[in-house]
Amino acid sequence: MDMDMDMLTSTDDHIRRLRDQVTATESQLRTLRAQLQQAEQAGESARQLQEAYQGGFPAEWIEETLGALDDEAVADIATKLRQDGGFEGAPSPPTPPPTLDAREAVAKQRRWPLRDEEYKRYGRQMIMPEIGLHGQLRLQNAKVLIVGLGGLGCPAAAYLAGAGVGTLGLVDGDTVEVSNLHRQILHKKKTVGKLKVDSALEYLQALNPNVKYAPYRAHLSPEKAGSIFERYDIVLDCTDHPTSRYLISDTCILTGKPLVSASALKTEGQLLVLNNPPRSPGDTTGGPCYRCVFPRPPPAETIQSCSEGGILGPVVGVMGVLQALEAIKLITAKPEPSMPDWMDMTLDGSPPASAEEVKPTMLLFSAYSRPQFRSVRLRSRRNDCAACSLQATITHHSLASGLTDYTAFCGTTTTTTSPLSFLPSSARITARDFARLPTDGSNILIDVRDSTQYSICALRGSTNIPWNGGGNGSGEAWVQQAIDMGVLSEYEDGRERFVICRRGEDSQMVVRAVRERFGGGYADGLEGDGEVDGRWGGSMGVRVRDIRGGFGAWREEVDRTWPKY
Amino acid sequence: MATPKAPADHFTLLYFAAATSFTRKQHDFLPAPMPLSQLYDTVEAKYPGIKAKVLESSALTVNLEYVDAEEEGAKGGQGTVIQSGDEVAIIPPVSSG
């Protein structure tokens, strides 16, 4: 009996335990279901938020959503928005403010991410789906460095300031000259002689005071470039020389910044978006750098500046405006929409081309050609590139220590202040002395500037035979033309020839070419070979001299009214 | 000025920037087919001095696609051959601005 009772008790206990277990499990299941539902709701809200974020979203909406959903997933998105979308001052998870007034003040402050004036100012670009509020906020948080405030940098800076870029760094060591004003649209007559940076600041501050401007009143140096670039998101190369082009490209690779590079001369321009996406050296998925496209700089003596070659204002303007456009596109680019797995394969089974696989291009602008624009597909990174390959030799250290010598790499160039001088002084005459020579037809003046410059201003009685770079460089063609025109003669005629050009370099090339053709020495016969048959180069010596310093010197020494162009 | 179409069995060689200044031309028509590796020597023969002064520092494209002249030269007979009707361009770097 006792035993029976014991058995019964134990069975009851067993049943009770089972019941408890069922109840507990059911409760656990309920909790799990509730958690599942909550998670699904949170997920849905997060998705909606994500969608809204891609097209631009009202600030109070995200704040309300954030307040309603105290969930990690949502908090993550908010964080991401702040970092990725550049949403400065976005609401953080709410901590109750002490008073109602304070709460209202905070809400008022937070309700709209832009100020009233900014909606008006940027509205025309914000209503485009390519920009939206999202893009505007990204612009507001972007830091763009513009190196060079000339024909490219001026329009680029104006458009980026106008678009509301948060911080604009401005680098230039030059001062404004009158000859800049036809194309460098930030500068004006009143700022001639001022630093270009200060002249630009004046204009840009007046245009958009919301932008933070960071002036660097010096030319970019290899020692300082890295530390400046570090502070920016994107760099614009608006400079005018190969040395700075290589320096800027190298520094962009080292600091991981995309580079929008443009250039212009005469009637043509080039535009390149480089190191995009920006990746470390050796990573072949990164965009090519300037060295990948142009591994060898052009010979120094062939490089023309705008003062030598000329430049049409709107040509360089177009290129600078395009730089601003590419910068805005880079800043406001939306993240790639994530695709469901089944879309990862295209119909033919190959993986879809992602944006990064699209090869970079170089845009060529040629104002007087048709088509005016040509887009050329570029190569990817060179596997032996000195800057962006695994074999890169250019490092922060090589730049800072001067081991990477850009002047040596690009060659020494002549500057406008000191023209080349390679003829012996016996083969030259000063403008002042030339002006004192008799005008009785005993000498012949040959002006070797091109016909366009000759028609701007010329000395009466001079003959124009353009040097034009000497044809193939040797000048043979020029000499032949001069002979054909009867300006040079095989036979001594008792007259001396004088050669003049704009700055006094081409005229020396001409004198050298004439001497090479006829042999013999220079005017005073000191270096003459002393041929005695009465021909050029005979005992009289080659009677041809260059006018030292060309028309620049003519203006300084003889005629102050001579046009300086 | 639009570039006229190349005559039969020729390709168009476009010159930009310093290449235009050197040749004083916008373009030339050269006989095709021509191995790309022979292009620079052909142009040098036509314009002595252009190789060192312009070509060696230029970008080169065939039908708007960048090609590496040096890599092509190393390929010898295996490299790209320019076909008649192709548009080849010599693009020297412009550094001014």
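These legends walk through several close-up views of a predicted model.

Residues are numbered from 1 along each chain as its sequence is written, while chains are lettered from A and ligands numbered from 1 in the order in which they are written. In this predicted model, local features need pLDDT of at least 70 and side-chain atom pairs count only at pLDDT 80 or more, but totals for chains, interfaces and linings use all residues.

**View 1. Getting to know chain A.**
Chain A has 20 helices and 13 strands. Here helices (H or I, at least four residues) and strands (E, at least two) are DSSP runs, numbered from the N terminus. Of its 565 residues, 39% count as buried; a residue is buried if 20 or more other C-beta atoms lie within 10 Å of its own, exposed if 12 or fewer, and partly exposed in between, with C-beta atoms placed from the backbone. Two residues are in contact if their C-beta atoms, placed from the backbone, lie within 7 Å. Among contacts in chain A between residues at least 6 apart in sequence, 66% join residues at least 24 apart.

**View 2. The nonpolar cores of chain A.**
A nonpolar core is a set of buried Ala, Val, Leu, Ile, Met, Phe, Trp, Tyr and Cys residues joined through C-beta atoms within 7 Å. The largest one has 106 residues, of which A:Val144, A:Ile146, A:Ala157, A:Leu160, A:Val235 and A:Leu236 touch the most other members. Helix H13 (residues 313–332) of chain A gives this core its largest share, nine residues. Zoom in on A:Leu236: not counting residues up to four places away in sequence, A:Leu236 touches several residues, including A:Val144, A:Ile146, A:Val260 and A:Ala327. A second, separate core of 27 residues includes A:Ala431, A:Phe434, A:Ile444 and A:Ala553.

**View 3. Positions annotated as a binding site.**
The unreviewed UniProt entry places the feature "binding site" at ten positions listed in the record, among them A:Gly151, A:Asp172, A:Asn180 and A:Lys196. UniProt positions are given in the numbering used here, feature names are shortened, and annotations may be inferred rather than shown by experiment. Look for A:Asn180 in the loop between strand E2 (167–171) and helix H8 (196–207) of chain A. A:Asn180 counts as buried because it has 23 C-beta neighbours inside 10 Å. Leaving aside its neighbours within four places in sequence, A:Asn180 is in contact with A:Gly150 and A:His187. A:Lys196 lies in helix H8 of chain A and is buried, with 26 other C-beta atoms within 10 Å. Beyond four places in sequence, the contacts of A:Lys196 include A:Leu149, A:Asp172 and A:His187.

**View 4. A residue of strand E2.**
A:Thr167 lies in strand E2 of chain A. Is A:Thr167 buried or partly exposed? A:Thr167 is partly exposed because 17 other C-beta atoms lie within 10 Å. The C-alpha atoms of A:Thr167 and A:Lys212 are separated by 4.6 Å, although these residues are 45 residues apart along the chain.

**View 5. An open sheet with parallel pairing.**
Five strands of chain A make an open sheet in the order E9-E13-E12-E10-E11, with parallel pairing. Two strands pair if DSSP finds at least two bridges between them. Strand E9 (428–429) and strand E11 (463–464) are the edge strands, each pairing on one side only. Three bridges link strand E12 (residues 496–500) and strand E13 (residues 544–547) of chain A in the parallel sense. Helix H19 (residues 506–518) of chain A packs on the sheet, touching E12 and E13 of chain A, and its direction makes about 170° with that of E13(A). Axes are lines fitted to C-alpha atoms, for helices over the stretch in contact, and angles run from 0 to 180 degrees between N-to-C directions.

**View 6. Where chain A meets chain B.**
How many residues of chain A are in contact with chain B? There are 44 residues of chain A in contact with 27 residues of chain B. Elements that each supply at least two residues of the chain A side include helix H10 (242–255), strand E7 (361–366) and strand E8 (373–377). E7(A) and E8(A) pair in the antiparallel sense over five bridges, forming a hairpin with six residues between them.
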